[in-house]
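Colleague: Before we discuss the details, may I see what we are working with? Please show the sequence and the structure.

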Amino acid sequence: MGGVLRLYHRKDFMAKEEVKDVIVEETVEMTEPETFAKSGKKSKKHIEEVKAEEERQARKLEREAMPAEKVKGAAPVTRPRIERRSKKYQEAAKMVEKDKVYTLTEAIELAQKTSLVKFDAAVEIHARLGVDPRQADQNIRTTLVLPNGNGKTVRVAVFAPMDVCKAAKAAGADIAEDEEFLKQLEKGTIDFDVLISTPAYMPKLGKYARLLGPKGLMPNPKAGTVTADVEKAVKEAKAGKVEYRVDKQAIVHIGIGKISFGTEKLLENANAFFESLKAQKPASIKGSYIKSIYVATTMGPSIAIENLYN
């Protein structure tokens, strides 16, 4: 029930250097405090939510009525990807015809011309396959000895009994140790690129799987790094043996050498890779096995190759 509340207070006024006390009357409308239900549509929470939603809808209508250029947060204009690359890359990319499919020889020659970097860049092949990596028989993984190597200096470590280690050292292994090797792993020291072990010694490496696994250094029979013939494995690793495997996107990536190799040696390595890849074709594949192939150098543009390898 409403009412009127009269408030009285004194104010001092200065008039002709005289002070007068005046009683000022103010009236204030009295209203009853708003009452809310404990729950439901008449609860305080629901009423506040309704008001907030009405305000939000009003702001939305106001934004929609505004010109597009004045709307805050309008999507920026995104430049094409090629325009966001360096000037050198753009110049190199102009040498590659966008819709043209090159022969392997043409692609390798062009890749050497479009190399952007000052160092001896790697030449890579990227092949998209028509496989499902989730299927065990289609999860391609194997090794290959490139005829001319891959241009990298490979540091080979051998973890095996001492008599085997001596033969591995003679074959060119950089590290060949027994228990001393485990002490280095215990410290987290990794100064090798390939680790070879005998089957009997693999259980001892299980403790270090979390250290070696993420780096791709855990010995594996499929990669030929778990073997009784350690001497042969060391020689192959030193000669340029590489491992390739299909990734989650069904793409195989492999480096076939360096720019300094020249066209002839790079072609030999590329042909060796394609022969190996064709040999790995699963029997369950229906349709195209190799869908597309590209050649590229380190930080260089990619070049499409005609697919003659299915």
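Colleague: Does A250 count as buried or exposed?

Modeller: This is a predicted model, in which local features need pLDDT of at least 70 and side-chain atom pairs count only at pLDDT 80 or more, while totals for chains, interfaces and linings use all residues. Residues are numbered from 1 along each chain as its sequence is written, and side-chain values use heavy atoms, with hydrogens and water left out. A250 sits in the loop between strand 8 (241–245) and strand 9 (251–258), where strands are DSSP runs of E with at least two residues and helices are runs of H or I with at least four, numbered from the N terminus. Buried means under 20% relative accessible area, exposed over 50% and partly exposed in between, with a 1.4 Å probe and protein chains only; because its relative accessibility is 7%, A250 counts as buried.

Colleague: What is the phi of A250?

Modeller: Most residues other than glycine have a negative phi. A250 is not a glycine, yet its phi is positive, at about 65°.

Colleague: M299 has a positive phi as well; is M299 buried or exposed?

Modeller: M299, a residue other than glycine, has a phi near 65°. It belongs to the loop between strand 10 (290–297) and strand 11 (303–305). Since its relative accessibility is 57%, M299 counts as exposed.

Colleague: How many salt bridges are counted?

Modeller: A salt bridge is a side-chain nitrogen of Lys or Arg within 4 Å of a carboxyl oxygen of Asp or Glu. By this rule the salt bridges come to 11.

Colleague: How many residues apart in sequence are the parts tied together by D193 and R155?

Modeller: The side chains of D193 and R155 form a salt bridge with an N to O distance of 3.2 Å. D193 is in the loop between helix 5 (179–186) and strand 7 (194–197), and R155 in the loop between strand 4 (141–145) and strand 5 (156–159). D193 is partly exposed at 34%, and R155 is partly exposed at 36%. The pair therefore ties together parts whose separation in sequence, in residues, is 38.

Colleague: In which helix do E231 and K235 both lie?

Modeller: E231 and K235 form a salt bridge, with their closest N and O atoms 3.8 Å apart. E231 is partly exposed at 37% relative accessibility, as is K235 at 47%. The two residues are 4 apart, about one turn, and both lie in helix 8.

Colleague: What is the relative accessible area of E275?

Modeller: E275 forms a salt bridge with K278, the closest N and O atoms being 3.4 Å apart. Both lie in helix 9 (residues 263–279), 3 residues apart. K278 is partly exposed at 33%, whereas E275 is exposed, its relative accessible area being 52%.

Colleague: Which residue in strand 8 stands opposite R141?

Modeller: Strand 4 and strand 8 pair in the antiparallel sense over 5 bridges, where pairing requires that DSSP find at least two bridges between the strands. Strand 8 has a covered face of V242 and Y244, and an uncovered face of K241, E243 and R245. Opposite R141 stands R245.

Colleague: Which strands stand at the edges of the open sheet, each with a single partner strand?

Modeller: The open sheet has 4 strands in the order 9-3-10-11, with antiparallel pairing. Two of these strands each have one side left without a neighbour in the sheet, because each has a single partner; they are strand 9 and strand 11.

Colleague: In strand 11, what is the bridge partner of V295?

Modeller: Strand 10 and strand 11 run antiparallel and are joined by 3 bridges. In strand 11, the partner of V295 is I303.
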